[in-house]
Amino acid sequence: MRGMIKMENMPPLEEDHQFLNQTISSLTDQIDLFETFQGLSLKIVSQFNLQSIFETFSSIVHEIMRYQVADIYLLGDSMTAFDKVWPTKVASVPASDLPCDEKIIQWVMEQGRWRVVTDLQEKDADSIISVLPIKSPKRDHGFMIIQTAFTPSMYNQKIGSILEFLSSQTAIAIQNQGLYTEIKQANAFMHNMLESVTNGIMALDLEGRITLINKNATAIFGIMEKNIIGRHFEDFLNTPMKKAVRDIFSSALAGKMLPEMMLNHTPYKEVDIVVGITASMLNDREGELIGVVFSLRDMTASKEIERLTKLDQLKSEFVSNVSHELRTPLSIIKSYTEALLTQVAPDDKETREKFLSVVDSETDRLSGMVSNLLDLSRIEAGKFKLNYKKIDLPDIINSLLAIQKAEVKNIHFFTEYDEDLPLIDADKDKIHEALLNLISNSIKFSPTGGTVNVSVERKGDFLSCSVADTGIGIPQNQLGRIFEKFYRVDNSDTYEIEGTGLGLSIVKHIIESHKGHIRVESIKGKGSIFTIELPVNRGVV
Ligand code: ADP
């Protein structure tokens, strides 16, 4: 049986117990010592400012040695100049001013150990000087010169180990501080770079959270909040911008080509800008995707320049169109009046009347053009005023058509009016001008035999008037542009037809000034319908 076995040479139980107690006590001492060292180390390395590092280091050394003086010197980059950094700062201390010989210091630095410089046997000495190197595995940082009262018993190996430990921790702290400064400088550099680029820059991590953003980006986005780092982009972008960023971001996650986008954006109330967005993937060293960087550009100015250049081009075209347009009726008037004066016999009443009516209609054409031009300049100068009266829309149309019917023989005119149409509040001359433009266009752009149908119906608070023709129509892709100033559809159908491209922009302005609307439907080769809607009562929007 196991319990019965007699163990030979076993120490008595009492001794066992004592041995165990000693071991435990020595282990506890070691743990205490370790913890003390750890605490001291933490005190030094947790400082991120050189002066606090030196202060902590020397105060601990003071606790241990009760020194009279302890100066810390750092080596400059050349390793030959000494800068005193504690307790007072003195740059480039000459070797002759050091409390001990430079060669001894060099020797101590090479040894890398704490060394007593004073001869301890010298009975007359009243103080002891020692040198403690401050070194890290990477470089020699400097040293501490310690002066204590003459108590040689204090100088033992144990103190040496503690001092060397403290100086090694100080070296690490100095090194960390250097790294910390470098990181801070690199960060500041990055930050300055980021802020100085004219584009907006924003980086997202794979979750869509902002990891970096510059001021330009927050301005373009119109973000008022501060501290948005770490927040999801969906939380604060407005809808069109959110959608654009989301589309690009999901393309990046899917490993697709990143689209470039241009969008109209309203970062703040009444501020409309055009933003160009490009993006690139952010990869780590192994090429793994870690995020997406967006670059945002306010294109408003360049778009505006583009628009102005185009406008300039359109204006020059306009000048040549207008000159041509004015010259045609003028030359007709000139030749007919010349004929009247020199060739037509005074008693040839019939020819005289025929010629005079040509002069009359060409003068109307001229005055129409001039009034368009005047309207345009009034609109541009913001001096376009309406003179509201009660007007009868069918009346205006009828009188306009009567003139056209008399002049234009090859077009069939029709009208269709709802019964009991109300009078409307509007500027008679302006509405007359708008309708004249629409009707003249439908005649001008219709081939011989075509029809022009003008109808008016009531639609709630509005009268809706349509001018429909069976003319050449307008290509679908240009429908959106015909209301622009100076814009003319440019193709073989319209080549021969004269015009300035001003009429419809003026019509639109007239109708919208009345708080009405204008729209067009058209099929190329089949015809067009221009519809205007005018509020019956002034002030109804
Ligand atoms: P203009 O008639 O002097 O060219 P407008 O501003 O009145 O200028 O019209 C702009 C353009 O719209 C015209 O040049 C023409 O191409 C197109 N357009 C206007 N009305 C019609 C229409 N009824 N049928 C076909 N095209 C039209």
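**Reading the ligand shell, a helix and a loop**

Modeller: Let us begin with the ligand: helix 10 provides the largest share of the shell around it, three residues. Please keep in mind that this is a predicted model.

Biologist: Which elements each supply at least two residues of the shell around the ligand?

Modeller: They are helix 10, helix 11 (503–513) and strand 18 (527–535). The ligand has 19 residues around it, of which N441, D469, R488, T500 and L504 come nearest.

Biologist: Which polar atoms lie close enough to the ligand to count as contacts, given a cut-off of 3.5 Å between N or O atoms?

Modeller: D469 places a polar side-chain atom 2.9 Å from a nitrogen atom of the ligand, and S528 has a polar side-chain atom 3.4 Å from a ligand nitrogen atom. L504 takes part through a backbone N or O atom, 2.8 Å from an oxygen atom of the ligand. As for cover, the ligand taken alone exposes 530 Å², and the protein buries 98% of that.

Biologist: How does one read the length of helix 10, and what is found at its start?

Modeller: One compares the span with the value expected at 1.5 Å a residue. Helix 10 (residues 428–444) has 17 residues and reaches 24 Å from its first C-alpha to its last, close to the expected 24 Å. At its start, a side-chain oxygen of D427 comes within 3.2 Å of the backbone nitrogen of D429.

Biologist: Which residues of helix 10 are buried?

Modeller: The buried residues include I431, L435, L438 and N441. Of these, I431 and L435 are, with L393 and I482, the residues with the most contacts inside the largest nonpolar core, which has 48 residues. Helix 10 contributes the largest share of this core, six residues. Beyond its neighbours within four places in sequence, L435 is in contact with L393, I396, I397, L400, C465 and I532. A second, separate core has 31 residues, including M65, V85, W86 and I159.

Biologist: Let us turn to a loop residue. Is T118 buried or exposed?

Modeller: The test is the relative accessible area, with buried meaning under 20%. T118 is buried because its relative accessible area is 19%. T118 sits in the loop between strand 4 (115–116) and strand 5 (127–135).

Biologist: What does T118 touch, leaving out residues up to four places away in sequence?

Modeller: T118 touches A125, S127, I128 and I129. A polar atom of the T118 side chain also lies 2.7 Å from the backbone nitrogen of I129.

How values were computed
Residues are numbered from 1 along each chain as its sequence is written. This is a predicted model: local features need pLDDT of at least 70, side-chain atom pairs count only at pLDDT 80 or more; totals for chains, interfaces and linings use all residues. Side-chain values use heavy atoms; hydrogens and water are left out. Helices (H or I, at least four residues) and strands (E, at least two) are DSSP runs, numbered from the N terminus. The expected span of a helix is 1.5 Å times one less than its number of residues. Buried means under 20% relative accessible area, exposed over 50%, partly exposed in between (1.4 Å probe, protein chains only). A polar contact is a pair of N or O atoms within 3.5 Å; within protein, one must be able to donate a hydrogen and the other to accept it, and residues adjacent in sequence count only if both atoms are side-chain atoms. A nonpolar core is a set of buried Ala, Val, Leu, Ile, Met, Phe, Trp, Tyr and Cys residues joined through side-chain atoms within 4.5 Å. Contact means heavy atoms within 4.5 Å. A residue is near a molecule or strand if one of its heavy atoms lies within 4 Å of it. Accessible areas come from the Shrake-Rupley method with a 1.4 Å probe; for residues, only the protein chains shown count as cover.
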